[in-house]
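Hi everyone, thanks for coming. Please take a moment with the picture and the sequence, and then I'll walk you through a few places in them.

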Amino acid sequence: MNRSYEDILDKERPKSGRIPMSMEQRAAQFSPFDALEGYEESIQETGRQTKEPVELMESAREEMDRVMAALRECWPQMPQVKITYFLADEKKEGGAYLEILGKVKNPGEVLDRLYLTSGEIILIQDIVKMEILSE
């Protein structure tokens, strides 16, 4: 059985009613499938390092008391301070030591935390070092 296709060789290809996909849509069909959703983030979180808070020695506490007293005395001039403090991690044990520059709102009213003009609130018990940069 010899079949000839001469009757359809010169005809135009039939068009479908569909709108063709963009290249991005076509590529998305072949993108990798994440069978374990969240696995990569979990691995990164497990490997993330935190530090343990240190207990201040008596001499460091006394120095902090001196700096706080000096801050109360020169407060009306709103001096710039540099604070190093411990911030506990929300997801795991430990945390990180951060350093911030700012101006303290009225330190005379402070009981257990410092309020900075930038809106930051730092617990005094978490401060490991503080220095007045300008008066």
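Let's begin with a pair of charges: the side chains of E63 and R66 meet in a salt bridge, 2.9 Å from N to O. By salt bridge I mean a side-chain nitrogen of Lys or Arg within 4 Å of a carboxyl oxygen of Asp or Glu. Side chains of opposite charge can pair when their charged atoms come close.

Before I go on, this is a predicted model, where local features need pLDDT of at least 70 and side-chain atom pairs count only at pLDDT 80 or more, while totals for chains, interfaces and linings use all residues. Residues are numbered from 1 along each chain as its sequence is written, and side-chain values use heavy atoms, with hydrogens and water left out.

Back to our pair. Both E63 and R66 sit in helix α3, 3 residues apart, which is about one turn of the helix. Helices here are DSSP runs of H or I with at least four residues, strands are runs of E with at least two, and the numbering starts at the N terminus. E63 counts as partly exposed at 39% relative accessibility, and R66 is partly exposed too, at 49%. For these words, buried is under 20% relative accessible area, exposed is over 50%, and partly exposed is in between, using a 1.4 Å probe and protein chains only.

How many salt bridges does a search of the whole structure find? The search finds 4. E55, E58 and R61 are linked in a network of them. R61 reaches E55 with the closest N and O atoms 2.6 Å apart, and E58 pairs with R61 at 3.6 Å. E58 and R61 are separated by about one helical turn, because they are 3 residues apart in helix α3. E55 is exposed, at 65%, whereas R61 is partly exposed, at 36%.

Now let's turn to the sheet. In which order do its 3 strands come? The order is β2-β1-β5, in an open sheet with antiparallel pairing. Two strands pair if DSSP finds at least two bridges between them. β2 and β5 (127-132) stand at the edges with a single partner strand each, so one side of each has no neighbour in the sheet. From one strand to the next, the twist averages 15°. Helix α3, residues 58-73, packs on this sheet and touches β1 and β5, its direction making about 40° with that of β5. Those angles run from 0 to 180 degrees between N-to-C directions, with axes as lines fitted to C-alpha atoms, for helices over the stretch in contact.

Strand β1 (residues 80-88) is joined to β2 by 9 bridges. Across them, Q80 stands opposite K103 and L87 stands opposite A96. In the hairpin of these two strands, with 6 residues between them, G94 takes a positive phi near 90°.

L98 lies in strand β2, residues 95-103, and is partly exposed at 31%. Not counting residues up to four places away, L98 touches I83, T84, Y85 and L87.

Definitions and conventions:
Contact means heavy atoms within 4.5 Å.
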